[in-house]
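Subject: Structure handover

Hello,

Here is the structure for your files, followed by notes on what was found in it. Please read the notes with the model open.

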Amino acid sequence: MASPQLQELLEMFAERAATFAETPPSLEERRMGANMMGARFQNLDGISTEAVDADGVPAEWVAAPGANNGAVLYLHGGGYVTGSVISHRGMAANLSRTSGCRVLTIDYRLAPENKHPAQVQDAHTAYRWMLSNGAEPSTTIVAGDSAGGGLTVATLLSVRDGGDPLPAAGVCISPWVDMEGTGDSMKSKAGVDPMVSRDGLIDMAQSFLGDGDRRDPLAAPLHADLTGLPPLLIIVGTAEVLLDDAKRLHENAESVGVDSTLEIWDDMVHIWPWFAPFLPEGQQAMEQMGDFIKERIGSAVAQA
């Protein structure tokens, strides 16, 4: 049974939706709102942060005490139009706690000012920077939520095709991998998803791609050949229009021999781990991701 805190979140989302319907926010207001939402649901007790320049990509190291297992490159969500190191500082902090890794978040370039492939270029640049500054591929993870979940896969593809050493694994939270909104859950879950709609996704895809190909594999990894990618953990909730994006990504990965794990959480909403300091199920998901990361890093170290 879902926690009482989930119901409180749903009521908050309903109030926000009503406000937005009456007075639609500007893009700048949406960006500010994402930062405010992130700050509302974060716990930075004991967390250290350090702003860095990752070869031209603004970035921030986030680390819990004793985080020395390895490193995570974390790619924030926000439909490629919102989100930042600020909005996801709390997510990075919690993932550092549960995984025992330092987490690098990046301010990749946002649309519509910067269209695809700027985002994957920035993520790949940051990954290379991590490796050139001491991170070992075998103890490095790429992770992200929503658009950042799709960008996680795109980054792995870019790393693979660029001839760089692949990281130990990828973690995709509520990933958005289909720029055309073709999944059945776009309709079947429309009445229960309080955060995301097909129309909203199509609008963001237009900002992200302009006149570009909606099936470009680095923009829509649903259409990519995933052969050779490292193990994936994909988590998604049953109250998400992106449920079928996650399912199809998992199926495509398994079909080419990728070690992919799909975890479907009953009643959970889009990127519910973001709310972990308030939502028990969010914290449980964070701990699951932390365990997956520690297992993959530990396996790599044992085989070295």
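One aromatic cluster is formed by Phe13, Phe41, Trp274, Phe275 and Phe278. The rings of Phe, Tyr and Trp (for Trp the six-membered ring) count as a pair if their centres lie within 6.5 Å; planes under 30 degrees apart are called stacked, over 60 edge-to-face, and the rest tilted. Phe13 sits in helix 1 (residues 4-22); helices (H or I, at least four residues) and strands (E, at least two) are DSSP runs, numbered from the N terminus. At 1% relative accessibility, Phe13 counts as buried. Buried means under 20% relative accessible area, exposed over 50%, and partly exposed in between, with a 1.4 Å probe and protein chains only. Leaving out residues up to four places away in sequence, Phe13 touches Pro194, Met195, Val269 and Phe275, where contact means heavy atoms within 4.5 Å.

This is a predicted model, in which local features need pLDDT of at least 70 and side-chain atom pairs count only at pLDDT 80 or more, while totals for chains, interfaces and linings use all residues. Residues are numbered from 1 along each chain as its sequence is written, and side-chain values use heavy atoms, with hydrogens and water left out.

Other aromatic pairs

The structure holds 9 aromatic pairs. In one of them, the ring centres of Trp61 and Trp129 are 6.3 Å apart and the planes are at 40 degrees, so this pair is tilted. Trp61 belongs to strand 2 (residues 57-63) and Trp129 to helix 4 (residues 118-132), so the pair links distant parts of the chain, 68 residues apart. Trp61 is buried, with a relative accessible area of 9%, and Trp129 counts as buried at 10%.

How many of the residues of strand 6 are buried? The count is 5 of the 5 (residues 169-173), so strand 6 is largely enclosed by the rest of the structure. Ala169, Val171 and Ile173 point one way from the strand, and Gly170 and Cys172 point the other way. In a regular strand the side chains alternate between the two faces of the sheet.

Strand 6 runs parallel to strand 5 (residues 140-145), and 5 bridges join them. Two strands pair if DSSP finds at least two bridges between them. Gly170 in strand 6 is the bridge partner of Val142. From strand 5 the chain crosses through helix 5 (residues 147-162) to strand 6, a β-α-β crossover that is right-handed. Right-handed here means that, with the strands pointing away from the viewer, the path from the first strand over the helix to the second runs clockwise. Strand 6 is also joined to strand 7 (residues 232-237) by 4 bridges, and these two strands run parallel. There, Ile235 in strand 7 is the bridge partner of Ile173.

Nonpolar cores

A nonpolar core is a set of buried Ala, Val, Leu, Ile, Met, Phe, Trp, Tyr and Cys residues joined through side-chain atoms within 4.5 Å. The largest has 57 residues, of which Leu73, Leu104, Ile106, Trp176 and Leu226 touch the most other members. Helix 5 gives the most to this core, with 7 residues. Another core, of 41 residues, lies apart from it and includes Val103, Leu233, Ile271 and Trp274. Not counting residues up to four places away in sequence, the contacts of Leu73 include Leu104, Ile106, Met130 and Val142.

Cysteines

A disulfide is a pair of cysteine sulfur atoms within 2.5 Å. By this rule the count is 0. For Cys101, the nearest cysteine sulfur is that of Cys172, 16 Å away, which is too far for a bond. Cys101 is buried at 0% relative accessible area, and Cys172 counts as buried at 0% relative accessibility.

Backbone points to check

A cis peptide bond joins Ala111 and Pro112, with omega about 0 degrees. The bond from His116 to Pro117 is also cis, with omega near 15 degrees. Pro112 lies in the loop between strand 4 (102-106) and helix 4, and Pro117 is found in the loop between strand 4 and helix 4.

Asp55 has a positive phi of about 55 degrees although it is not a glycine. Asp55 is in the loop between strand 1 (48-54) and strand 2 and counts as exposed at 55% relative accessibility. Tyr80, in the loop between strand 3 (71-75) and helix 3 (89-99), has a positive phi near 70 degrees. Tyr80 counts as buried at 1% relative accessibility.

Regards
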